Every structure is written in structure tokens, then in C-alpha cells.
Amino acid sequence: MKEIIKLSILEEYIPLIFPEMKEDSGRFARQISLERGDPILDKIARMDRQIHNRTGARVFYGFDIIREYSSDELGNASYFYLKIKPSSYFDPVGEECGTHYEDLLACNECGAGGQQVGPLYLKTKFIPKRTDIAATIAGEIVVSGRLADLMQKHAISGVVLAPVFEIGRGGVTETGWYQWLPSSPFFDIVAPTMIRESLFDEEVTSCPCGDTLGSNLLSEIFLIRPLQGGADVMWSRQYIGRRIGFLRPRQVAVVGKKLINLMSTFEVKGFDVEVAHAKSSDGLWS
Ligand SMILES: [Zn+2]
């Protein structure tokens with residue numbers, strides 16, 4: 001597996017990190033891609049930690065980690081993390097379109113566990129075109145009617161497909177999109193999974209209640225298989241993310257080979273695949 005780190009580095013730091021790049025691009029930030037292990041990443045990490053400790057600011061304002069696998073690595077894996085492509089995220093989010101959340105039972109510390117009450121309402125014209133799986137920037141995952149039909153036809157287990165509605169001038173209408181809602185079985189995310197506030201942070205900032213593990217998933221997912229056995233889609237018991245504005249910590253889903261193969265055969269678009277490492281009750285990773 002090869003890891004490529006994509007960073008949007010603020011222009012003011014470019015001459016310090018890359019002295020050979022003298023000219024100011026005139027833009028706010030520059031997109032830089034570096035392979036994991038590149039010593040320049042260590043330099044950026046040191047600078048970012050120093051500046052963050054001193055001022056609270058960051059050297060970069062956005063990042064993405066791309067993982068490229070050999071066909072053997074993908075062939076040998078049993079579970080996969082479906083990473084929705086950055087281009088398949090959209091807004092406005094559910095709450096801005098009439099979706100109701102109840103936070104009465106949510107964690108006082110991290111805000112995880114607020115419940116969506118009733119259906120997801122969206123403005124579907126904002127869902128990126130030519131995609132079958134997409135997510136709002138608040139993490140609500142939706143799939144096209146085509147993918148929902150395929151999943152139903154092939155009896156994919158472990159996920160509830162709930163119709164998405166839209167509130168318009170003519171009242172409430174069905175959209176043909178379906179929301180993925182978590183359903184048992186649930187798995188536990190375990191070490192060495194790395195979840196932090198930001199790309200170069202060393203400090204773990206999980207909720208003292210143990211529900212939210214941090215804001216950003218930085219590594220592949222390592223999990224313990226549910227005792228009652230697996231399903232085609234499995235959801236984490238813990239949450240990742242942050243409660244801020246309309247954003248909420250969310251449970252993450254991993255999917256088995258059956259659904260991945262189905263999505264590949266039918267050329268489903270909108271996601272990348274990462275290997276998820278599952279440990280069974282006998283302690284072995286697969
Ligand atoms: Zn909490």
C-alpha cells in the first residue's frame with residue numbers, strides 16, 4: 001500500500017518549506033502531494049506543531065490521504081472502508097432542509113449520539129452528478145435508487161435504506177435517493193487505528209466517555225469483528241468527528257467483499273476503497 005498525503009499549504013509557509021519555490025503563486029494556498037516517508041513531511045509536521053502550539057494556527061488548511069493498493073492486497077482483504085470521494089460531498093445538509101435531530105440523549109461532552117428523528121430531507125439538485133453514493137458535509141450518506149435496488153436485490157445486510165424526501169413548494173416529495181442508516185452488528189475500532197484532531201497531532205483527544213475517538217481518521221481502520229458475526233455492512237460502535245454547527249460525530253461503515261464486488265461490477269461511482277483490518281475472536285488479523 002502506498003500512501004499519498006495531499007496538503008493545501010498556506011502560501012506564506014511555502015518559501016520556508018520549499019526554499020526552491022521562490023515565486024509567490026498569488027493564491028491563498030498551494031496543493032502539494034507527498035508520499036508517506038518523504039522527509040519533507042516531517043519538516044512540515046514540526047513546523048505545524050510549533051505554530052499550532054504558539055498561535056493555534058496551522059501551516060495548511062486542508063488535507064487528504066490517498067491509499068493505493070496492489071490487486072493482491074485488495075484480493076486478500078475481507079472488509080473495506082468506503083471512503084466517499086471529496087467530490088461527492090455536498091450541502092446544504094439535512095438540518096438545513098427540514099431534517100430533525102433530537103439531542104436529548106447525546107453525550108454532554110462530545111455531542112455524539114443525537115438521533116435523527118423522521119426522514120432525511122435534502123435538496124437533491126445539490127447531490128453531485130454521476131455519482132451513486134454521496135454524503136452531506138454533515139456526514140449523512142445517501143445512495144442512488146439504482147444502488148439501493150441492487151442492494152435490495154442481492155439482500156445486502158447491515159444497513160437500513162430509508163427514502164430521502166424533499167420539501168418544495170408543492171409539499172413533500174420522494175426523491176429516488178435513499179439514506180444509509182446504521183444497523184447492527186456494530187464493531188469496535190481498536191489500535192493501531194489513528195484518529196486525531198489534525199494530520200500531525202500526536203495527542204489523542206477522544207471523549208472521556210469513550211464514544212467519540214477524535215475528529216479525523218488518519219490511518220486505515222483496525223476493528224474487532226462483532227461477536228454475533230459479520231454482515232455485508234458493519235458500523236462502528238464509536239464515533240468520529242466533531243459536534244460543531246450542523247456537523248456531528250458519526251459512526252463509520254465498513255463493507256464486505258460481496259457489496260464491494262457488486263459495486264465494482266455495476267460501476268458504482270462516488271467512492272474510493274481502503275482495506276479495513278478485522279481481528280476475529282481468536283486474535284488473528286485478516
Ligand atoms: Zn462523548
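Strands here are DSSP runs of E with at least two residues, and helices are runs of H or I with at least four; both are numbered from the N terminus. The model is predicted.

## Cis peptide bonds

Pro 185 sits in the loop that links β11 (171–182) to β12 (186–189). The peptide bond between Ser 184 and Pro 185 is cis. Its omega is about 10 degrees.

Pro 192 belongs to the loop between β12 and β13 (195–196). A cis bond joins Ala 191 to Pro 192, with omega about 5 degrees. Most peptide bonds are trans.

## Positive phi at Arg 130

Most residues other than glycine have a negative phi. Arg 130 is not a glycine, yet its phi is positive, at about 55 degrees. This arginine lies in the loop between β7 (115–117) and β8 (133–136).

Is Arg 130 buried or exposed? Arg 130 has 8 C-beta neighbours inside 10 Å. The cut-off for exposed is 12 or fewer, so Arg 130 counts as exposed.

## Positive phi at Glu 267

Glu 267 also carries a positive phi, near 50 degrees, and is a residue other than glycine. Its place is the loop between α5 (257–265) and β18 (271–279).

How many other C-beta atoms lie within 10 Å of Glu 267? The count is 7, so Glu 267 is exposed.

Note on methods: Residues are numbered from 1 along each chain as its sequence is written. This is a predicted model: local features need pLDDT of at least 70, side-chain atom pairs count only at pLDDT 80 or more; totals for chains, interfaces and linings use all residues. A residue is buried if 20 or more other C-beta atoms lie within 10 Å of its own, exposed if 12 or fewer, and partly exposed in between; C-beta atoms are placed from the backbone.
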